[in-house]
Amino acid sequence: MRTRTAKATATAVVVIASALAGTAPQSHAQDASPSPSGTFGDGCAGLAQKASTVKDKVVEAAAAYPQLSHLVSAAVRAHLNGALDEKPDITVFAPNDQAFQSVTVEQFASFLADQGQLKKVLTYHVVDQRITPDELSHGSFKTLEGSKLTTSGSGTDFKVNGKANIVCGNIQAANATIYVIDQVLQPPS
């Protein structure tokens, strides 16, 4: 397992520096259908997974998705991988690589230069409980960083903090539920 995480991390470190071109966030129309019980979202089809099972802890499970390599690299750099893997039940709103590409060069350099700031931003994406799709429609959750984030939407179209779209949701890991989002969230100042 360490080899796969190390390879994903090494690849992500190289890719992060060269992949800072901006992308426009996707917009999704709301629908009134019931919340899904399995994995859902337009982005799931494009989210290629390497061999992984729900037996993997959250960082290892995220490392199985090449589109989450920037997040895995950032978690390792902030020394959060062990702490997140030790948590029994968490939810991660995981920015995909395109989300990291839309962060400005100055913001990204600031994150990398200040491990405390990087840790603050990353822990703002983690809630210390498993969140089901049913809880996303009008949710307000305290993050590990200490601030609140909100979720809204219905059916398979959900937003985090009214901005970030959940492009693939309800991915199960041994100790976490992962919702892939299209923006890097910023904790309130």
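## A tour that starts at a salt bridge

Select Arg130 and Asp89. Their side chains meet in a salt bridge, with N and O 2.9 Å apart. This pair links distant parts of the chain: Arg130 sits in the loop between β2 and β3, and Asp89 in the loop between α4 and β1, 41 residues apart. Both ends are partly exposed: Arg130 has a relative accessible area of 25%, and Asp89 comes to 38%. Keep in mind that this is a predicted model.

**The other salt bridges**

How many salt bridges are there by this rule? The count comes to 3.

Now select Lys87 and Asp128. They form a salt bridge whose closest N and O atoms are 3.7 Å apart. Lys87 lies in the loop between α4 (81-86) and β1, and Asp128 in the loop between β2 and β3, so the pair ties together parts 41 residues apart in sequence. Lys87 is partly exposed at 26% relative accessible area. Asp128 is partly exposed too, at 42%.

Next, pick Lys120 and Glu145. Their side chains also meet in a salt bridge, 3.7 Å from N to O. Lys120 belongs to helix α7 (residues 115-123), while Glu145 is in the loop between β3 and β4, so this pair ties together parts 25 residues apart in sequence. Lys120 is partly exposed, with a relative accessible area of 34%.

**Zoom out to the whole chain**

Switch to a cartoon view. The protein chain has 7 helices and 7 strands. Follow the cartoon along the sequence, and the pattern reads α-α-α-α-β-α-α-α-β-β-β-β-β-β. Of the 189 residues, 47% are buried. Show the surface next: the chain exposes about 8,900 Å², and carbon and sulfur atoms supply 55% of it. Contacts reach along the chain as well. Among those with a separation of 6 or more, 69% join residues 24 or more positions apart.

**Walk across the sheet**

Select the strands. In what order do the 7 strands lie in the open sheet? The order is β2-β1-β7-β6-β5-β4-β3, with mixed pairing. At the edges are β2 (126-127) and β3 (138-142), each pairing on one side only. Strands of a sheet pair through backbone hydrogen bonds, either parallel or antiparallel.

Highlight residues 90-95 and 176-181. These are β1 and β7, which pair in the parallel sense over 6 bridges. Click Pro95: its bridge partner in β7 is Ile181.

Move on to β3 and β4. They run antiparallel, joined by 5 bridges. Gly139 stands opposite Thr151 in β4. Their hairpin has 5 residues between the strands, and Gly146 there takes a positive phi near 115°.

Show side chains for residues 148-154. Which residues of β4 point to one face and are buried? They are Leu149, Thr151 and Gly153.

**Last stop: β4 meets β5**

Finish at the turn. This hairpin has 2 residues between the strands, and Gly155 takes a positive phi near 60°.

Notes: Residues are numbered from 1 along each chain as its sequence is written. This is a predicted model: local features need pLDDT of at least 70, side-chain atom pairs count only at pLDDT 80 or more; totals for chains, interfaces and linings use all residues. Side-chain values use heavy atoms; hydrogens and water are left out. Helices (H or I, at least four residues) and strands (E, at least two) are DSSP runs, numbered from the N terminus. Buried means under 20% relative accessible area, exposed over 50%, partly exposed in between (1.4 Å probe, protein chains only). Contact means heavy atoms within 4.5 Å. Accessible areas come from the Shrake-Rupley method with a 1.4 Å probe; for residues, only the protein chains shown count as cover. Two strands pair if DSSP finds at least two bridges between them. A salt bridge is a side-chain nitrogen of Lys or Arg within 4 Å of a carboxyl oxygen of Asp or Glu.
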